[in-house]
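Subject: Structure handover and findings

Dear colleague,

Please find the structure below, followed by an account of what was found in it. I would be grateful if you could read the two side by side.

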Amino acid sequence: MPHIKVTPISKEELSSRAKNHSEIIEFVAHSDSYPETLIGINYQNEKFLLVYKYADNEAMLKYEKITRPLKLSLLKEAIGKVANVLEFDILSSNIVNVRHKEPLFASKYFKKIEDFIDIKFEHKEIAIEVGFGSGRHILYQAKQNPQTLFIGIEIHTPSAGQLLKQIEIQGLSNIWVVNYDARLFLEMLPSNICKQIFVHFPVPWDKKPSRRVIGDEFTSEAMRVLDIDGTLELRTDSDLYYEYALQIFSKLPKLKMKINKNYALPIISKYEARWQRQSKDIYDVTLFCDEKSDDKREKFDFSFSDLGYNININKQFPQESQVVGDYFVHFERSYKTDKDTLLMKCAFGNFARPEHKYIMINRNNCKYYPSLPIPSSSNFKAHQAIKEYLHG
Ligand SMILES: C[S@@+](CC[C@H](N)C(=O)[O-])C[C@H]1O[C@@H](n2cnc3c(N)ncnc32)[C@H](O)[C@@H]1O
């Protein structure tokens, strides 16, 4: 990852040099407890942070994990520009004269979860594959149905990268790749938009059933997202998962379901091929959606509008993670700018997919930086708890 090593300068000197460059540096915020300073950047319409980490003989200017822009070239340019305007004495750098290929995750077919906030699809037909693994099935489906947009949602980042590579190699334009937890993803989608949701060979999690993709909430969200005649298609080699899924599905108020055993599909994933060699039984459970759902997506308000805070408020935040029901809040560390603003690094929301954000707090204003949390119900519950901590 791009970074520059420089001769250290004092915090005060850094703040003073930064003041003259508001065209790129919005603020600097120093930590009281760690030898590091955050630098708020506004470059080419992207807001993000750089970190200045210092020791006695050497300091480093590098990217900040939570806010890092996806475009590596933009990040490198910004680091170079900031080092330049701050007049750093550069000891070594890996950003100059190194031409990086843009990472696969800068592909237009890679979608961030934020891209689905209030999304209005232009595609006539949409299908989703949950946990696509090597991607064989979604690639096959996309080629067979060029008019359908296939959204592949996979929690394992290397598999997401592998599918993006195949999309590029095979010249496909009807697959979007989302690297996120499928259990939280459906909540982001409008109702009645989807014709198929495939869940092929989900991880059985026999010892920790709570980690299974299919659960009560996932199933009801899937039925909401499916349009009339849409299907949720589970394919599994696990007897236990099959029985578990039947139990979950039977809790739906209305149920239309078809079961097949050892029914061959035109495409076999690497995973399925392994089970076939072992002559394992394979179950298909298909749920049909036969009524429209309300578009009941809630509008979550993540503002702190009624509050103005004391900059020393961080002293009253709990040090330990606060677990409340099915979500948590953790105040990690704080930084202060010269203008009496506190920047609080937080993790919160669902345990499976925590949200990481900064909260910018001063006497007149309080807001998430650099952007609002994903509007999920667990993030919203955590936001309410954060507001309570802010009230003391
Ligand atoms: C056993 S593999 C099956 C892969 C593929 N569907 C196939 O048939 O070969 C299960 C896949 O689901 C992914 N996965 C597990 N939990 C997930 C979740 N909560 N959200 C999205 N993907 C998940 C795993 O990373 C893995 O790639």
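**Ligand shell**

The ligand is surrounded by 22 residues, of which the closest are G131, G133, A182, S269 and Y271. A residue counts as near a molecule or strand if its C-beta atom, placed from the backbone, lies within 6 Å of it. The largest share, three residues, comes from α8. By class, the shell divides into ten nonpolar, seven polar and five charged residues. Here Ala, Val, Leu, Ile, Met, Phe, Trp, Tyr, Cys and Pro count as nonpolar, Asp, Glu, Lys and Arg as charged, and the others, Gly among them, as polar.

**Basis of the description**

This is a predicted model, in which local features need pLDDT of at least 70 and side-chain atom pairs count only at pLDDT 80 or more, whereas totals for chains, interfaces and linings use all residues. Residues are numbered from 1 along each chain as its sequence is written.

**Overall architecture**

The chain holds nine helices and 19 strands. These elements are DSSP runs numbered from the N terminus: helices are H or I with at least four residues, and strands are E with at least two. Along the principal axes, the C-alpha atoms fill a box of roughly 70 × 50 × 40 Å. Of the 392 residues, 34% count as buried, that is, 20 or more other C-beta atoms lie within 10 Å of the residue's own, with C-beta atoms placed from the backbone. Among contacts between residues at least 6 apart in sequence, 65% join residues at least 24 apart; a contact requires C-beta atoms, placed from the backbone, within 7 Å.

**Domains 1 and 3**

The chain is divided into domain 1 (3-93), domain 2 (121-288) and domain 3 (311-391), with bounds from an automatic or database domain assignment. The C-alpha centres of domain 1 and domain 3 lie 23 Å apart. Their contact takes 13 residues from domain 1 and ten residues from domain 3. On the side of domain 1 that touches domain 3, β2 and β4 (46-54) each supply at least two residues, and β2 gives the largest share, five residues. This side has seven nonpolar, five polar and one charged residues.

Strand β2 (residues 25-31) also runs antiparallel to β3 (residues 36-43), joined by five bridges; two strands pair if DSSP finds at least two bridges between them. The two strands form a hairpin with four residues between them, and F27 has G40 in β3 as its bridge partner.

**The eight-stranded sheet**

An open sheet of eight strands with mixed pairing has the order β7-β10-β9-β8-β11-β12-β14-β13. Its edge strands, β7 (110-111) and β13 (257-261), each pair on one side only. Within the sheet, β9 (residues 148-153) and β10 (residues 175-178) run parallel and are joined by four bridges, with I153 opposite V178 in β10.

Two helices lie across strands of the sheet. Helix α4 (residues 157-170) lies across β7, β9 and β10, running at about 160° to β10. Helix α7 (residues 239-249) lies across β12 (226-236), β13 and β14 (283-288), at about 15° to β14. Axes are lines fitted to C-alpha atoms, for helices over the stretch in contact, and angles run from 0 to 180 degrees between N-to-C directions.

Yours sincerely

Notes: Buried ≥ 20, exposed ≤ 12 C-beta atoms within 10 Å, placed from the backbone.
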